[in-house]
Amino acid sequence: MNWDLRKAGQALARGDRDEARVYAWNALATIKPEETMALLRLAEELDDKLLILEIERRGITSEPEPAQSSAAVTRARALFFLALVAAVVLITVNSQLGEAGSIEPTEKQTTLLQQTGLPLLREHSGIWLVRIGQSRRVPLQKLAEDVSLRYQLPVGVLPEIALVPRNALDRSEQQLIGEELLAELARWYHADGTATIIGVTDYDMRSRELDLSYTFSLRSIERYGVVSTSRLNGDVIDRIRGNTRYKRTRKLVARNIGFLFLRRPRTDDPHSLLRSPMSGTGDIDALVEKL
């Protein structure tokens, strides 16, 4: 303990306030930071207002906050460590069990050539799925059979369009333009009568005419539609709940069938496949698969 501070305390204990005051002022010059509160209390006992003001001028105005106990510090560190481990585990599990995210198309997935002349095929009836692009995240034949069995409708698969024309690529956004994909479908396959043709692509897609930065699905006033699976991936929690890319794609294909093949009107029911446009996968997950 500071020698002057100790002598001041002893003098005050004897009742010699003047001597205590002298030692207290001497202690001010040599006091250590951890002893300043003791000096302040002594100055208050002496009722030495000038000493109190000087101590306060030097920034000593209140008791310091007690330091956390070692046990509290240990608990805090343990909780932080557990939270960190949980975050790492969640990221790792999601990367292993969650579905891959969006695919940005590049010029390698496009061609300068366009389908010209007559369409390769003319379809007069039925529902036809066409893969657009070389990525195969969703098994199209399985999807066609699944939708056909679920809704008791004729659904088949046409040869894929492996490379889309270069003008369908938005280079600045690294996305395909939905309207161009619809036009390309019509150039390859002509839909007569009740035939409906729906393209499925794994690449990210936007709508130029609707000014949408991305869209899950787009359709024309004729019998053409296109679905992008790029942002339909499910994380671990989604997959536990059964909300996978495949299931979301199936719902969007069925939605196109409802509007294009069955010519059903839009409804206000948020759980209907024929509801208004959707803003996220949560809206798709809420849809009931009935037509």
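Modeller: A residue is called buried under 20% relative accessible area, exposed over 50% and partly exposed in between, computed with a 1.4 Å probe on protein chains only. The model is predicted, so local features need pLDDT of at least 70 and side-chain atom pairs pLDDT 80 or more, while totals for chains, interfaces and linings use all residues. Residues are numbered from 1 along each chain as its sequence is written, and side-chain values use heavy atoms, with hydrogens and water left out.

Biologist: Why is Phe261 called buried?

Modeller: The relative accessibility of Phe261 is 17%. The limit for a buried residue is under 20%, and Phe261 therefore counts as buried.

Biologist: Which residues does Phe261 touch, not counting those up to four places away in sequence?

Modeller: Phe261 touches Gly126, Ile127, Leu153, Thr194, Thr196, Arg223 and Asn256; a contact means heavy atoms within 4.5 Å. Between Phe261 and Gly126 lie 135 residues in sequence and 8.2 Å in space, C-alpha to C-alpha. Phe261 itself is found in helix H9.

Biologist: What makes a stretch of residues a helix or a strand?

Modeller: Both are DSSP runs numbered from the N terminus: a helix is H or I over at least four residues, and a strand is E over at least two. By that rule the chain has 10 helices and 12 strands.

Biologist: Why is strand E9 described as largely enclosed?

Modeller: Six of the six residues of E9 (residues 196–201) are buried, so the strand is largely enclosed by the rest of the structure. Thr196, Ile198 and Val200 point one way, Ile197, Gly199 and Thr201 the other way, and all are buried.

Biologist: How do you know that E9 pairs with strand E12?

Modeller: Two strands pair if DSSP finds at least two bridges between them. E9 and E12 (residues 224–228) have five bridges, in the parallel sense, and Tyr224 in E12 is the bridge partner of Ile197. Strand E3 (residues 127–132) is joined to E9 by six bridges and also runs parallel to E9; here Leu129 has Ile198 as its bridge partner.

Biologist: What makes E6 and E10 edge strands?

Modeller: Three strands form an open sheet in the order E6-E7-E10, with mixed pairing. E6 (169–170) and E10 (205–206) each have a single partner strand, so one side of each is left without a neighbour in the sheet. E6 and E7 (residues 175–177) run antiparallel and are joined by two bridges, with Leu176 of E7 as the bridge partner of Leu169. Helix H7 (residues 178–188) packs on this sheet, touching E7 and E10, and makes about 55° with the direction of E7. The axes are lines fitted to C-alpha atoms, for helices over the stretch in contact, with angles from 0 to 180 degrees between N-to-C directions.

Biologist: Why is H7 called largely enclosed?

Modeller: Eight of its 11 residues are buried, so H7 is largely enclosed by the rest of the structure. Among them are Leu181, Leu182, Leu185 and Trp188.

Biologist: How much of the chain counts as buried?

Modeller: Of the 291 residues, 45% count as buried.

Biologist: How much of the contact set joins residues at least 24 apart?

Modeller: Among contacts in the chain between residues at least 6 apart in sequence, the share that joins residues at least 24 apart is 70%.
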